[in-house]
Amino acid sequence: MAAAAAPVANQAQAVLRGRLCDPAFVHSPLRSSPDTNYSKLKYLVDSSVSEACNNSVLLLGPRGCGKGAVLDMVLEDLKKEHPDAISVIRLNGMLHSDDNCATKEIARQLCLEHQLSFSKMASSDDNTDFMIDMLRECGLAHKTVIFVLEEFDLFAQGKQRLLYSLLDAMQTLTSQAVVIGISCRLDADQLLEKRVRSRFSHRKLLFVPSSLDGIQRLMEHLLMLDKDSSLPKNYVTEYNSRLTSIFGNKKFKGILGSLTDADATTSNILRFLFRVVSDMDMESGLLSMECFTHALSCMQRQPKLDSLQDLSILELYILVCMNRLEDKEQNSYNFNSIMKEYRSIQDAYKTSDKYATTVCFRAFEHLLDRELITFADSKGRNVALEYRPVKLLISSRELAQSLELNTTCPAVLQKLLDRERYM
Amino acid sequence: MSQPVTPRRTTRASTSAPDSPSSPPKSRSKPSPRRQLLAAAAPDSPSSPPKSRPKPSPRRQLLAAAAPVPDSPSSPTKSRPKSSHKRQLPTAAAVPESPSSPTKPRPKSSHKRPPHAADEPTDDNPLAALLESLPGRRAQARDLLRLLAPAPALPVLLHGGAATGKTRALLLALRHLRPTPRLVYAALRSLPSPRALFASILAQLRAALSSSSTSSRQRVPDKPSDFVPALRDALAGVVSQGENVYLVFDNLEVVRGWDKGGQLVSLLLRLHDLLRLPQVVLVYVSSAAPDAYYTMTGSVEPNHVYFPDYTVDEVHGILMRGQPNPKLYSSFLGVVLKPLFRVTRRVDELAAVLEPLFRRYCEPLGSLNGVPDEAIRRRLFEHLQPHLTVALNETFSVPIRASLDDCKDGISGGKGSVKRQFGGRDGLSSELEFHMSVSAKYLLLSAFLASRNPATLDAALFDATGGTDSRNRKRKSSQASIDRKDTMAEELLMKGPGTFPLERLLAIFQCITSVSEDMLDEVECEDTIMGGSGMNALMSDVLLQLSTLCNSNFLSKSRSCPLEGSGRYRSNIDEDLALKVARSVSFPLSKYMYRR
């Protein structure tokens with residue numbers, strides 16, 4: 001039985017992982033429910049396609065809330081409903097924020113869409129003219145061109161020539177186009193110049209992280225296995241009943257709470273579930289509470305504290321010295337002043353941890369590497385490292401906490417840190 | 001699926017294990033850990049048969065190792081059908097022979113490593129072999145395998161300090177996967193620009209596609225807007241062959257320092273969104289913690305796997321691997337490891353310190369094969385004790401030997417550390433006599449004086465009477481108030497050595513050479529004959545010497561001041577080194593130094 005369970009578990013895990021990595025599946029429940037951003041956006045685009053008018057809309061919301069995924073679903077559905085009446089041009093602010101580059105990309109995609117040959121040598125003006133001509137032609141043929149501008153805020157840097165020429169072309173009666181901007185900046189429309197803003201229809205759709213109930217429903221949607229899948233029936237029933245009992249558990253509610261307190265976006269939930277599914281017990285193919293708790297602990301690591309735990313005693317000494325210097329309100333200090341402090345400590349306490357300057361400097365460099373400390377100035381590349389002012393990137397609370405957790409840490413060190421705190 | 005592959009792999013591994021194990025690290029003079037890893041991953045490690053092949057660069061080797069190479073000549077089994085043959089990994093043997101590899105650098109002993117019992121992989125459990133080859137990284141390797149395993153996977157970020165086995169664990173884990181995925185590996189540290197990065201990635205992908213498209217001369221995109229479509233096309237081509245692609249970006253942290261690095265990092269971190277290819281798994285390796293990227297990330301933040309530093313016990317275990325005399329080495333580590341561990345926790349540094357120490361430790365012993373008893377141990381410890389305290393206080397030592405090669409080694413090591421101002425002192429000073437002309441030494445001293453002394457005191461120090469007015473100077477400084485002295489000292493500590501123009505340097509140089517002229521005549525008698533006077537000979541190539549000193553970073557030249565026109569210099573050497581140099585030409589340096 002156990003031998004047979006292993007492939008089943010593999011199969012189930014593959015199904016679940018496939019779901020989590022597929023944004024279309026993640027957001028598919030939106031299709032059936034009314035009054036969502038999906039239905040609003042679809043109505044908007046649909047009406048402008050069928051009524052042959054121009055439109056523009058911004059999808060705003062924090063990263064990882066499914067703006068892009070919802071838009072993809074809408075476009076896919078509309079393509080099915082209106083075959084040959086839609087052509088989609090996709091631009092990304094990270095790649096095409098440069099105007100010339102963007103017009104070139106638009107021309108390239110238009111050529112690709114309409115089986116024209118694209119000339120790489122065409123100038124930016126040529127491309128802009130081509131785009132306007134194409135818009136007119138498409139309008140006459142009652143074909144809607146949909147421009148998707150991801151990272152919309154990045155297009156609003158600089159002169160905004162692209163946005164202007166796009167939106168200006170849409171003012172003519174013949175054209176038939178929809179501009180959809182996606183941005184994680186909620187004030188993206190405020191970034192627009194006056195001439196652009198006046199041509200922009202101020203439609204905005206706001207995407208927000210879903211509520212706790214919504215997240216639980218999403219989890220059920222993602223993790224529950226289908227009865228009529230290729231997996232054995234009794235396995236699916238056992239798996240699902242196990243999962244239902246976990247979802248009903250009070251502890252699970254606690255996990256969910258602490259997860260969403262930090263970040264309730266869909267992408268964070270997906271990451272969490274991905275870890276859970278990856279932790280699946282491959283013998284039985286079932287998810288257990290431990291999977292969820294383990295995944296949560298992995299998600300809630302604190303990198304700074306982790307890396308403080310990795311320090312050698314000497315490196316801790318240097319951090320404590322720096323902390324003392326900061327508490328003395330010495331506004332700027334460098335390696336030499338740290339060494340002075342270190343020496344004075346070593347002279348006062350006569351510990352066995354007194355090392356040569358070179359060794360300390362190596363420890364100092366390790367700290368720089370770990371980015372627990374950094375140079376306070378960006379310039380001064382000519383000055384030797386030991387003279388450049390430095391500063392701590394951790395708080396004294398974090399340092400104290402890590403000293404407490406560190407079992408090998410000498411008592412003197414803790415005393416040094418505590419002493420100056422209460423003095 | 002994995003059934004037919006696994007047994008063959010292990011049998012091949014066990015057959016090739018006896019002859020290969022210790023050869024890769026021995027045959028190279030001094031490979032850096034990373035290089036070694038790549039070499040270990042390479043299909044033609046020195047022990048493998050095909051010698052005629054031109055030597056590929058390390059990165060290519062790695063690629064070749066991880067990617068299935070069509071009919072590799074080293075494969076002994078010809079019975080399998082061609083199609084599955086293509087998927088075969090040429091260096092499956094590298095997995096079990098991993099103890100000889102680098103993230104756990106062993107002290108290089110000249111003894112043949114006896115085959116370790118654990119090196120032989122058990123036929124039924126490749127996972128155990130994998131975990132065995134990653135000591136102390138059990139949890140991380142498991143996590144990695146789980147997160148990476150079947151193909152659709154969210155991006156993963158491996159982070160942790162230097163020398164914690166991130167890259168190694170990742171590469172071994174990827175090699176462990178069945179069916180073997182296509183690996184595209186970009187070590188960002190060795191790719192100096194975005195263009196080089198794009199070119200490298202696309203070249204690796206095109207090599208994978210070479211059967212279908214032979215157009216090798218394709219333009220390398222230099223803009224991200226050209227790169228992403230090209231990457232998508234290439235990846236789609238590979239994916240359509242039914243392969244999973246693992247795109248690995250190693251040393252992600254260095255990109256932040258590049259020109260417009262922030263944009264590139266955010267692009268790389270968002271590739272998952274931009275590509276939308278579920279069969280492509282993105283893996284990032286970074287020594288910086290994930291919070292270093294928070295300002296640059298996109299919607300998909302990768303899953304993190306943290307690699308903590310090794311604990312004492314893990315380091316002990318790692319260093320013990322492959323020791324010819326485990327008992328002896330264990331007793332040595334028992335003495336040495338704890339104190340060294342207080343200073344640094346990095347395995348590579350520890351291994352470098354331990355190697356000469358162990359040689360010292362063994363000195364009183366006749367043979368290295370005996371098992372030490374309690375009395376011998378105590379004797380050995382007493383013998384080692386003084387050396388240990390020395391070792392604790394130096395970062396690295398340069399062996400003083402007469403051969404030319406060693407001298408060169410010492411100098412290159414010295415240069416590297418002079419750049420950092422420290423460390424080089426111990427090694428460098430002993431070598432200094434042989435490599436610096438007298439005039440260069442005087443120049444160095446005058447630069448040191450010009451940097452340390454205030455310019456206003458030059459006249460007092462170097463007037464006609466030479467350095468005889470030290471009494472006068474002392475009185476002057478004692479008159480200054482203690483407060484001002486403190487702030488001055490503080491300032492010196494903060495600001496470092498001062499800068500000076502070339503004229504001042506030359507003036508001081510002339511002064512101090514004229515003071516010790518009598519000495520010079522003895523030293524430079526040959527020059528005297530040739531150049532008429534010792535002074536002239538010394539001055540003749542002073543600018544040449546100056547540029548040499550600048551190039552070797554003893555002095556640094558700041559950019560020229562727009563008003564004065566010429567550049568200003570600064571001496572980078574510290575007082576200890578200056579005193580040593582002065583002693584070597586018997587120049588009374590302390591007389592000329594201004595003490596506050």
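Is A:Tyr235 buried or exposed?

1. A:Tyr235 is buried, at 9% relative accessibility, where buried means under 20% relative accessible area, exposed over 50% and partly exposed in between, with a 1.4 Å probe and protein chains only. This is a predicted model, in which local features need pLDDT of at least 70 and side-chain atom pairs count only at pLDDT 80 or more, while totals for chains, interfaces and linings use all residues. Residues are numbered from 1 along each chain as its sequence is written, chains are lettered from A and ligands numbered from 1 in the order in which they are written, and side-chain values use heavy atoms, without hydrogens and water.

2. Over all chains, the search of the whole structure gives 19 aromatic pairs (ring centres of Phe, Tyr and the six-membered ring of Trp within 6.5 Å; planes under 30 degrees apart are stacked, over 60 edge-to-face, the rest tilted). One of them is the tilted pair of A:Tyr235 and A:Tyr239, with 6.1 Å centre to centre and 40 degrees between the planes. The two residues are separated by about one helical turn, because they are four residues apart in helix α13 (residues 233-248) of chain A (helices are DSSP runs of H or I, at least four residues, numbered from the N terminus). A:Tyr239 is buried as well, at 1% relative accessible area.

3. In chain B, the rings of B:Tyr442 and B:Phe587 are edge-to-face, because their planes are at 75 degrees, with the centres 5.9 Å apart. B:Tyr442 belongs to helix α19 (residues 438-452) and B:Phe587 to the loop between α28 (575-584) and α29 (589-592), so the pair ties together parts 145 residues apart in sequence.
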